[in-house]
Amino acid sequence: MRKRSNRSPSALLLGCLSAIGGCCDAPDPKPPIDQAAAPESLGQTAYDHVAGLVAMGPRHAGTKGWRNALWYIETELQRIGLEPEREEFDSAVAQTTFANVRCTIPGRSETRLVLACHHDTKVFEGHLNEEDNFHFVGANDSASGVGLCLSLAGYYVDHPPPLTIELCFFDGEESLTIDWNDQLSLFGSREYVRQHVEDGRLDGHPVRAMVLVDMVGADHLSFDDDQRSTPWLKRLFRTTARDLGLEHLVFRERGSIKDDHVPFLAAGIPSINLIDLYDNPEWHTPDDTLDHIRAESLQHSARLVLELIERIATRRTSL
């Protein structure tokens, strides 16, 4: 993903425009919070998945770690009774083969909600500058998002979600160059949208929203105020965090972030990026290791996502 400084004048302008544009929406309903909706095991289960992925080493396309990670994701989904699909595709631009994994979790409604993460790690080998070449295991970026999605999938199998979940593990999110390049990034999410989204519908089904989780497990967890995300979803997320007693984790930094939600936004699907990027000293460094991941942070993320999805399902919106 690419970040823009929270001091950017354009980011501040976008924030003002977002606030103005959303002022006339109907008030969000406030359904009762079921504190039992997120059993304490979710955070530890997610952490265990993160540990397993980190042990595989770098996981960018074509590596042994990448192949092992794909197998792991598919095997875990099958183990809990889901039917994952691997969608491989070739990129002439990247001159490589990528692979998304997707599965459907039946809900109480046929309307879809996309819950997504990316499974690839940033490429830190083969670059001209020696300082850009190091062993990168991506504990937070990207194993934490994968771990959280796998943990939530297990919960939803036993507790049907309010909307049918399209669970997506995207490949090729990271820019193949050290500096962000729009043409060499977001391969998986762009291909997924190209294949499955048309006229704001997913394989013919209406889509309520897309929720992206990216870097959600660090000991210093703090979700950023992403100016690209859909305003009503951000307001709903802030309210959710407040009602869960987790408001201190939300929107302490502001910026405009390019991530896997961008292709969905371009396709007309309301989307939110739940990400801890700005207050993240380990980002894209050798220090993004399991030492900085906490089961407690993953538990907070699980509670927030579960409650957010419940509220997305019940909210009456004017898009």
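Across the protein chain the mean pLDDT is 91, with 87% of residues at 70 or more. Keep in mind as you look around that this is a predicted model.

**Where to read with care**
- Where pLDDT is low, the predicted coordinates should not be read in detail.

**Helix 4 on its own**
- You will find helix 4 at residues 139-158, a run of 20 residues.
- From first C-alpha to last, helix 4 reaches 27 Å, close to the 28 Å expected at 1.5 Å a residue.
- Helix 4 is largely enclosed by the rest of the structure, because 17 of its 20 residues are buried.

**Helix 3 with helix 4**
- Helix 3, residues 64-79, packs with helix 4 at an angle of about 15 degrees, and their axes are 10 Å apart.
- With that angle, helix 3 is roughly parallel to helix 4.
- On the helix 3 side the contact is made by Tyr72, Ile73, Glu76 and Leu77, and on the helix 4 side by Val146, Leu150 and Ala153.
- The crossing of this pair, helix 3 and helix 4, is right-handed.

**Helix 6 with helix 8**
- Helix 6 (residues 231-243) and helix 8 (residues 295-314) have axes that come within 10 Å and cross at roughly 125 degrees.
- That angle makes helix 6 oblique to helix 8.
- Helix 6 contributes residues including Trp232, Leu236 and Phe237 to the contact, while those from helix 8 include Leu304, Leu308 and Arg311.
- Helix 6 and helix 8 have a right-handed crossing.

Terms used: Residues numbered from 1 in each chain as written. Predicted model: local features only at pLDDT ≥ 70, side-chain atom pairs only at ≥ 80, totals over all residues. Heavy atoms only, no water. Helix = DSSP H or I, 4+ residues; strand = E, 2+ residues; numbered from the N terminus. Expected span 1.5 Å × (residues − 1). Buried < 20%, exposed > 50% of the residue type's maximum accessible area, 1.4 Å probe, protein only. pLDDT = per-residue confidence, 0-100. Axes fitted to C-alpha atoms, helices over the stretch in contact; angles between N-to-C directions. Parallel < 35°, antiparallel > 145°, perpendicular 65-115°, else oblique. Left-handed = near helix turned anticlockwise from the far one by under 90°. Contact = heavy atoms within 4.5 Å.
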